[in-house]
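This report goes through one protein model, topic by topic. Please keep the sequence and the structure in view while reading.

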Amino acid sequence: MSYAVGIDLGTVNSVVSVYRRGVVETIPIDGRRSMPSVVSFCNDGSVLVGAPAKSRLLVDSVNTITSVKRFIGDHAKVYHVGRRALSPVNISSLILRRLIQGAREYLGEDVWNAVITVPAYFTEAQREQTKRAGEAAGLNVLRLIPEPTAAVIAYSLDQDRDQTIMVYDLGGGTFDVSILQVKGNDFEVLAVGGNNNLGGNDFDQEIMHWVSEQFRSQTGLDVLGSNSREAILARQRLKKATEAAKIKLSQSEYAAITVPDCMGYPLDTTISRAQYDTLIEPQLQLTVASMRSVLHDAELLPRDIVRVILVGSSTKSPAVQAAIAREIKQPCIANRVDEVVAHGAAIMAANLFLPEASDTVPVRVSNVTGHSLGVDMLNEHSELAFQALIPRQTAYPCKRGYLGFTNRPGQEKVVLTVYRGEDCNPRQNTYLGQLTLPVAPPQQNMVPIGVVFELDADGIIHFTAVQLPGNLKSRPIVQYANEHNGALDVPAAEALLRSGDARAKTIRIISE
Amino acid sequence: MSTATAIAQLTTEAQYREGESYQADMKAIVACEAACASWRTRAARLHDGVKSAQTLFEGELDRFSEVQTELPNRFHDDWYNRYEGLRLLTKTLTQLPDQLAKVSMEQYQQPLDAPLTAQQWTDLLQDTGEWPSAYKRREQILTERGNARYQQIFQAREQLVQLKQGVLDCIVEYVLPVLDGLDEGERLSRPLIEASRQESTAVANILIAWRNSYAILRTQLLPILEQVGIRQITIKPGMLIDYYRHEPCAVEFDPNAVAESINAEVRKGYDYVDEDDRVYVLRPAQVVVFQH
């Protein structure tokens, strides 16, 4: 029996899960439930991935790569490792390969099929590259799904009613907040927001500062400021102690922080939950501001949110939950908040892999575009203007077309430039790619040219330019466009393509 | 083929398949129960061992406090810091039994449902009508019953994970820091002994006896860990670093040394043998590494 797995390919850590016999399970890698998303290239040619790679970072930071997810989709980013030049796709594929290898060992079966999660704000280029990384790892990527959607699937598959859900995802280093509309088993992301530089690590830092200040006033020693080996070791111990205290404060009113020998002195203090809450209040307020912002983007009020679900270990803090309760409502929390994204992906993977299996629940996922997608076209003043073909917040997978014409007799080709953005001046938007369509004779004036944007389920753009025949066969299409603000009758254009009356060229868009 | 013959054939196959699956599931749950029993035994050994070690720690702490009067004034600050350090170590170790008591030691007791008999299968399939629907129904029942059994296996495994993690967390939080503290205390007492030697042999001897307390306490704790299946990771200076078992905390640049070889151990590492006889790292050893 073969399985399909769900992968949460994270910036800091990655998790792989499987849904089998009605149960979703996290697959341990090197004995741990999550694997650091780190790759290290050793001098002897071997490659370390995960915990050992993270461990090697200090020894060889040049050939050890962290946070590759931040660069996925960036074509200019190259990692020079020895004589090799590696892309973020190459690095991500090594992480995925290790996860899959772990899954194969754990399941004792071959694993080729996977659903991979991506942030809801990922552009089509970032999605495209994530999919390529999966393919380079030898995987059949069944689907890419947004992380908040995966979390909702893991939390609420058994919920029958339609609802608007907020996903509050506070990881170690990043904070994401999303609003989703769930209709039956249809999931649609309405709005996303967050802060790339805010996470649970900041909470640890606050406690570290608080304790080190106390220690300095007692001993005159600066644990955080000194670079002596004593101080480095003391910092590591203090970091462990503060992390443990933070976890303890999720369940207790007080937590002891003890380091028997901190730079030669005993450190023994207690932090109360009230003190901790005061320390992290500024960070919590930043998350509150993000929640308000996404509500505004989705044109919703707090009372419109039916459920708030939590993702990420930092959400175990009662102060975090209280802040959400004050702002929206009491949130729901799963047992393993760090793994819910991978769990949702695993459920989705089982659905796509074995849709007929009696123990899977059908799930359909649709997403919305964060920005408008379109091309530049000459307007009535003969100026190039951005024509949005897929407006912002359009649910996909979807297909949209627009009809234009060549603008002079004898025009031999049409150059169409694809942009993402909201500005009517194309140059103010993000350039995504260009397609050149040679115009076949007769190149009379006003040759009808259709453009079709298809945004697939993974959020990847397939852009097609179609030269329609300059005869009566195109008349219904032109008429349709006149009656529908220039929209292309895509099925009719496709019919002409099938009959050989029209010709087309398609590209998959990858942004620069 | 008549309906009766078809039902009989479906029943035979169903019985065989469920029997096979049941045996495999039973094996999984028995293995899980055995592993839980092994970890409960380890927890009990840890509890008893630490309880007896506490008495020794308290005794050494008393001995430490008596030393103060024998030391010249200029050593009093150092004595205080070391004494406070040992007091904190004792306090940390004392918390372990309470923390261990919070770890769920419950045994998973729900037995797996026995496979259906031929008669039960026949009864379930007979009302479904023709072959295609009877076949579909059989597959559905097999899946549902198989999933229900797997749910139990999953719960038993979760219980094992929680038990094992609970015990290991207690060791990492309440025993390993004590061992680290003993190493650190011993290390910090060395320069004091050197300084005192030049002044008075008597004072140096007091400090040596005091330093030996750390070794005595460590000798008491390590066998307790061994009984629980926890072992110290052996490090030899000059050996190449193994990133699965060692964690670099500092790098020293030396063109004459072998790149990525270990210069010194800063904090001891520990591994443990799991119920499947595989060795896992509990905490990597922290080392200083040479680099070119």
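## Cysteines

Over all chains of this predicted model, a search of the whole structure finds 0 disulfides. A disulfide is a covalent bond between the sulfur atoms of two cysteines; here it is counted as a pair of cysteine sulfur atoms within 2.5 Å.

Buried means under 20% relative accessible area, exposed means over 50%, and partly exposed lies in between (1.4 Å probe, protein chains only). A:Cys398, with 12% relative accessibility, is also buried.

## How the model is read

The model is predicted: local features need pLDDT of at least 70 and side-chain atom pairs count only at pLDDT 80 or more, while totals for chains, interfaces and linings use all residues. Residues are numbered from 1 along each chain as its sequence is written, chains are lettered from A and ligands numbered from 1 in the order in which they are written, and side-chain values use heavy atoms, with hydrogens and water left out.

## Chain A as a whole

Chain A has 11 helices and 27 strands. Both are DSSP runs numbered from the N terminus: helices are H or I with at least four residues, and strands are E with at least two. Taken along the principal axes, the box filled by the C-alpha atoms of chain A is roughly 90 × 60 × 55 Å. Of the 512 residues of chain A, 54% count as buried.

Strand 4 of chain A covers residues 35-36 and contains A:Met35. Is A:Met35 buried or exposed? A:Met35 is buried, because its relative accessible area is 1%. From A:Met35 to A:Val49 there are 14 residues in sequence, and the distance from C-alpha to C-alpha is 8.6 Å.

The loop between strand 3 (23-26) and strand 4 of chain A holds A:Asp30. A:Asp30 has a relative accessible area of 29%, so it is partly exposed. Its phi is near 50 degrees, a positive value in a residue other than glycine. Most residues other than glycine have a negative phi. A:Ser67 likewise has a positive phi, near 50 degrees, and A:Ser67 sits in the loop between strand 7 (64-65) and strand 8 (79-81) of chain A.

## Salt bridges

Side chains of opposite charge can pair when their charged atoms come close. A salt bridge is counted when a side-chain nitrogen of Lys or Arg is within 4 Å of a carboxyl oxygen of Asp or Glu. By this rule there are 42 salt bridges over all chains. One of them joins A:Arg132 to A:Glu128, with the closest N and O atoms 3.0 Å apart. Both residues lie in helix 3 (residues 124-136) of chain A, 4 residues apart, which is about one turn of the helix. A:Arg132 is partly exposed, at 38% relative accessibility, whereas A:Glu128 is buried, with a relative accessible area of 1%.

Which residue of chain A meets B:Glu158 in a salt bridge? The partner is A:Arg336, at 3.1 Å from N to O. This pair crosses between chains, from helix 4 (residues 131-174) of chain B to the loop between helix 8 (318-327) and helix 9 (340-353) of chain A. B:Glu158 counts as buried because its relative accessibility is 19%, and A:Arg336 counts as partly exposed at 24%.

B:Asp25 and B:Arg149 form a salt bridge of 2.8 Å, N to O. The pair links distant parts of the chain, with B:Asp25 in helix 1 and B:Arg149 in helix 4 of chain B, 124 residues apart. B:Asp25 is buried, with a relative accessible area of 4%, and B:Arg149 is buried with 3%. Both belong to a network of salt bridges that also includes A:Arg21, B:Glu18 and B:Arg145.
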